[in-house]
Amino acid sequence: MRKLIAAINMTLDGFCNHTAMIADDEIHQHYNELLSNADTLIYGRITYQLMESYWPSVVKNPTGNKPMDDFAVLIDNISKIVFSRTLKNVNWKNTELKKEIIKEEILELKHQAGKNIFVGSPSLIVALAQLDIIDEYQLAVQPTILGTGLPLFKNIRDRVDLKLLKTKTFGCGAVALYYESTKECVHHENR
Amino acid sequence: MTPYKLLASNVWLVGGAKLTKDLIRLNLADEIRQSILPIMLGDGISFFDQIEKEQALHLKNVTAYKNGMVELCYEIKK
C-alpha cells in the first residue's frame, strides 16, 4: 500500500502563505525529489488554482532556472486530483475534479500500485487528518513570523499524536519536520 | 538598549505568550527558542497569537530529541 503524505510549508507561527516562503534552488530540488517519488497530488480549490495559474506557463516559457523549470515539468505531468464543490471544470492536464471527499475512495487510491500520494492544501490536510488516513506529515517550517494569515491547523477537532521521523535543515533556514501518524488503523495493514 | 539588557548577560524570557509577543513587537527580544512537540492540538494559546508583525529570523540551531520534540533556535533579525 502506498503512503498518503501531507507536505506543506508554514511559517514559525503556523501560517500558510506562499508569498512568505523562500523558494531557492535547494528548496526546489527538495520538492523535485519529492515529486519524483509521487504519482498523485491532491489539492483543494484554492491551492490548485494557485498552482494552475503559474506552473503550466513556466512549462511553456521556462525561466532559465533549472530546478524551477524541472519542478514545472514534474508538476505538469503528475496526476492531480482537486476537491471542490464550486469548480465547474479544470483546464490543467492530468487533473481530475472531485466534489466530495470520500474516505473509502481515498483508501482505495492508497491500495492501488504506484508511488506516494501527496496532499498539499491546508484545508484538505486538516480534513484528511480528521479521517485518520494521512500516513506522514512533512512540514517545512520557514524562518519567518508572519503575524497573521491562514492558520494551518485551524480546524483540527481531535488531537493527533505523531512520531518524529527526522528533520532536514536547509541553507536558507527552513527546517523540514517529518512525522509519522501513530494511528494504528493507518499502518497495520501494510507492516 | 534597555537597562535590563545592559545589566545582564542573558535574560531568559520565560513567558507567557503575551509577554513574549510584546517583547518581540518592541524589538527587544534577540532570540527565539521554540520547542515543537509531535502533537496536533487544534486549539489552545498560540505562542505568536495577534503578534501582527512580520519578523524575519535567522536559524541558528536545530535539536531533535528522542521523545520527538524538536527545538528550533532563531536569532531575530533586526
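**Close-up views of a predicted two-chain model**

Asn94(A) is found in the loop between β4 (79–83) and β5 (95–98) of chain A. The model shown in these views is predicted.

**View 1. Asn94(A) in its loop between β4 and β5 of chain A.** The backbone here stands out by its phi angle. For Asn94(A), phi is near 60 degrees, a positive value in a residue other than glycine. Most residues other than glycine have a negative phi. Asn94(A) has 14 C-beta neighbours inside 10 Å, so it counts as partly exposed.

**View 2. Asp132(A) in the loop between α6 (122–130) and β7 of chain A.** Asp132(A) is not a glycine, yet its phi is positive, at about 60 degrees. Is Asp132(A) buried or partly exposed? Asp132(A) counts as partly exposed, because 14 C-beta neighbours lie inside 10 Å.

**View 3. Strand β1 (residues 4–11) of chain A and its two partners, β6(A) and β7(A).** Seven of the eight residues of β1(A) are buried, so the strand is largely enclosed by the rest of the structure. Strand β6 (residues 116–119) of chain A pairs with β1(A) in the parallel sense, over three bridges. Within this pairing, Ile5(A) has Phe118(A) as its bridge partner. Strand β7 (residues 136–142) of chain A also pairs with β1(A) in the parallel sense, here over seven bridges. Thr11(A) of this pair is bridged to Gln142(A). In a regular strand the side chains alternate between the two faces of the sheet.

**View 4. The largest nonpolar core, with 56 residues.** Which residues have the most contacts inside this core? They are Ile42(A), Phe118(A), Val119(A) and Val141(A). Phe118(A) is also the bridge partner of Ile5(A) in β6(A). Leaving aside neighbours within four places in sequence, Val141(A) is in contact with Met10(A), Leu12(A), Ala174(A), Val175(A), Leu177(A) and Leu72(B).

**View 5. The side of chain A that touches chain B.** Here 25 residues of chain A are in contact with 23 residues of chain B. Three elements of chain A each give two or more residues to this side: β8 (144–145), β10 (160–169) and β11 (175–181). The largest share, seven residues, comes from β10(A). By type, the residues of this side divide into 14 nonpolar, six polar and five charged.

**View 6. β10(A) beside strand β2 (residues 39–40) of chain B.** These two strands run antiparallel and are joined by two bridges. Val160(A) has Met40(B) as its bridge partner in β2(B).

**View 7. Leu37(B) in the loop between β1 (31–36) and β2 of chain B.** With 14 C-beta neighbours inside 10 Å, Leu37(B) counts as partly exposed. Leu37(B) and Met69(B) are 32 residues apart along the chain. Their C-alpha atoms are separated by 4.7 Å.

How values were computed
Residues are numbered from 1 along each chain as its sequence is written. Chains are lettered from A and ligands numbered from 1 in the order in which they are written. This is a predicted model: local features need pLDDT of at least 70, side-chain atom pairs count only at pLDDT 80 or more; totals for chains, interfaces and linings use all residues. Two residues are in contact if their C-beta atoms, placed from the backbone, lie within 7 Å. Helices (H or I, at least four residues) and strands (E, at least two) are DSSP runs, numbered from the N terminus. Ala, Val, Leu, Ile, Met, Phe, Trp, Tyr, Cys and Pro count as nonpolar, Asp, Glu, Lys and Arg as charged, and the others, Gly among them, as polar. Two strands pair if DSSP finds at least two bridges between them. A residue is buried if 20 or more other C-beta atoms lie within 10 Å of its own, exposed if 12 or fewer, and partly exposed in between; C-beta atoms are placed from the backbone. A nonpolar core is a set of buried Ala, Val, Leu, Ile, Met, Phe, Trp, Tyr and Cys residues joined through C-beta atoms within 7 Å.
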